[in-house]
Each structure stands twice: as C-alpha cells, then as structure tokens.
Amino acid sequence: MTRHLYLFLLLILLCAVGVWSWLARPWEGWMLEDDGDSKAQRGFVIDRYDRILDEYVSLGSYTALHRMNTDYTAQTTMLIEDVLQLGSAMEPDAEKRMRYLFLDSTMQELLDSVHAQYNDIRDLEADFERAFKEQERKDPMFRRPHVYTQIGRLGRNIVVNDTLIGISLDMYLGTDSPFYDGRFSDEQRQHMTRSDIVNDAIKAYTGRQQTP
C-alpha cells in the first residue's frame, strides 16, 4: 500500500512539473514549425524576434529580456529608437516603457491577430530566397542581410541597417484589418498585405545600399 501511494505521489509530481513547464512557455507550440522542419531543411530562415518580444511583453520573462539585450541588441535598439521612438535604448527603463506600450488591450488583440496570421511564414522565407537570388544575379557583390520579424505597434513597416531587415508584421494584416480603421487611408491599406512584405523589404534594403 505504501509503495502504491509513493508511486501515485510521484506520478502527481511529474504531472505538476509538466504543467508548470507548459505554463512557463504557454505558446511553445506556436514557436515551433508545424511540420518539424529543421532550419537546414528549410534553407533561408526568417528570425522570429517577434516571439521573443511577445514573451517579454506578455509574461515579463527575464529570459526573453536577456535575449533581447544580448542576442538581439541591434533589433531591440532599432525597435525602441526607430520604430516606437521612445528615445535612447540605453536608458535604464527603456524596455519597461516599451512593454507598457504593448500591454493595453488593443495591442494584446493586435498580437493575437499576428499570431493567427503569421504562425507559419515558410512562404515568405521561400519568397525571400528567390528575391535574394535575383539580387545576387544582378549584383555579385550583394550580401544577404539577416531578416527578422517584430511587432511595431503600428509604426514603421520596415526598418533596415547595413546587415538587417526588420519586418513589422502588425503592418501587414490585410486591407480589411479593423486595427487600421481611422489610422491609415484606403490607399495605404492596399499595400499592407502579406504579399507586400518581401517587395517592401527588398526595396528598403537595396535603397539603403545605394545611398551614398
């Protein structure tokens, strides 16, 4: 009887640990590719910085914040300074002020919409692969930038520097997105679709490279 009780308690403990692990990363499932393809199998891969950002915003995760400040220093700086225009990213409370902006109910709904539409972006990765090959054909000196996704809080759609292209997925939710009502004209909304992403990104990046 004692042995059975011990095994029962052990089983309960293991279940509790499993549940706690899931709660610590509630969207672990949507952070993984649906078909389990490895990066090597997929070829060109877009870095999902938006998911690290979401983990920090929604959970206040210190692990995510650490990654934002170490693995994604340039991306975080560009988001704070160029997209959200919150001042210097070096200010001690810059990330906290950024998180506060995303925590209102409308922005949380915006994040949910991005999750729904952009859980799988392999089509965009394939389109970027073709676009980069075309650029390399035209210019043998062309160097592929690192491409990543972010949430721009309906600010700039694309940000670039010499080695990076940042795509604000919230700016490409489709012409009928309710989040654009009263914010963007009908003409602007015609160019805020998934099919506009690669062209906008390539145009912004190559335009910067050609600027003296």
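Reply: The term stands for a side-chain nitrogen of Lys or Arg within 4 Å of a carboxyl oxygen of Asp or Glu. Side chains of opposite charge can pair when their charged atoms come close. The model is a predicted one, in which local features need pLDDT of at least 70 and side-chain atom pairs count only at pLDDT 80 or more, while totals for chains, interfaces and linings use all residues. Residues are numbered from 1 along each chain as its sequence is written, and side-chain values use heavy atoms, with hydrogens and water left out.

One of the salt bridges joins R130 and D127, with N and O at 2.3 Å. Both residues belong to helix α9 (residues 122-138); because they are three residues apart there, about one helical turn separates them. Helices here are DSSP runs of H or I with at least four residues, strands are runs of E with at least two, and both are numbered from the N terminus. An α-helix has 3.6 residues a turn, so residues three or four places apart point the same way. R130 is exposed, at 53% relative accessible area, and D127 is partly exposed, at 29%. For these words the cut-offs are under 20% relative accessible area for buried and over 50% for exposed, with partly exposed in between (1.4 Å probe, protein chains only).

A second example is R144 with E136, where the closest N and O atoms are 2.7 Å apart. Both ends are partly exposed: R144 has 33% relative accessibility and E136 has 29%. This pair is part of a network of salt bridges that links E129, K133, E136 and R144.

R189 and D181 form a salt bridge whose closest N and O atoms are 2.9 Å apart. R189 is buried, at 10% relative accessible area, whereas D181 is partly exposed, at 48%.

Now the chain around them. The protein chain has 11 helices and three strands. Read from the N terminus, the order is α-α-α-α-α-α-α-α-α-β-β-β-α-α. Of its 212 residues, 43% are buried. Its accessible surface is about 12,300 Å², and carbon and sulfur atoms hold 55% of that; such areas come from the Shrake-Rupley method with a 1.4 Å probe, and for residues only the protein chains shown count as cover. Among contacts with a separation of 6 or more, 59% are between residues 24 or more positions apart, where contact means heavy atoms within 4.5 Å.

The strands come next. β1 and β3 run parallel and pair over five bridges, and Q150 has S168 in β3 as its bridge partner. β2 and β3 are antiparallel, joined by three bridges, with V160 opposite I165 in β3. Two strands count as paired if DSSP finds at least two bridges between them. The link from β2 to β3 is a hairpin of three residues. In β3 (residues 164-168), five of the five residues are buried. L164, G166 and S168 point one way from the strand, while I165 and I167 point the other way.

Helix α8 (residues 105-117) can be checked by its length. It has 13 residues, so at 1.5 Å a residue it should span 18 Å, and its end C-alpha atoms are 19 Å apart, which agrees. The expected span is 1.5 Å times one less than the number of residues. Its buried residues are M107, L110, L111, S113, V114 and H115. At the start of α8, a side-chain oxygen of D104 comes to within 3.0 Å of the backbone nitrogen of T106.

Two loop residues have a positive phi without being glycine. Q85 has a phi of about 55° and sits in the loop between α6 (73-83) and α7 (94-102). It is exposed, at 61% relative accessibility. L154 has a phi near 60° and lies in the loop between β1 (146-150) and β2 (158-160). L154 is buried, at 12% relative accessibility.

Notes. A polar contact is a pair of N or O atoms within 3.5 Å; within protein, one must be able to donate a hydrogen and the other to accept it, and residues adjacent in sequence count only if both atoms are side-chain atoms.
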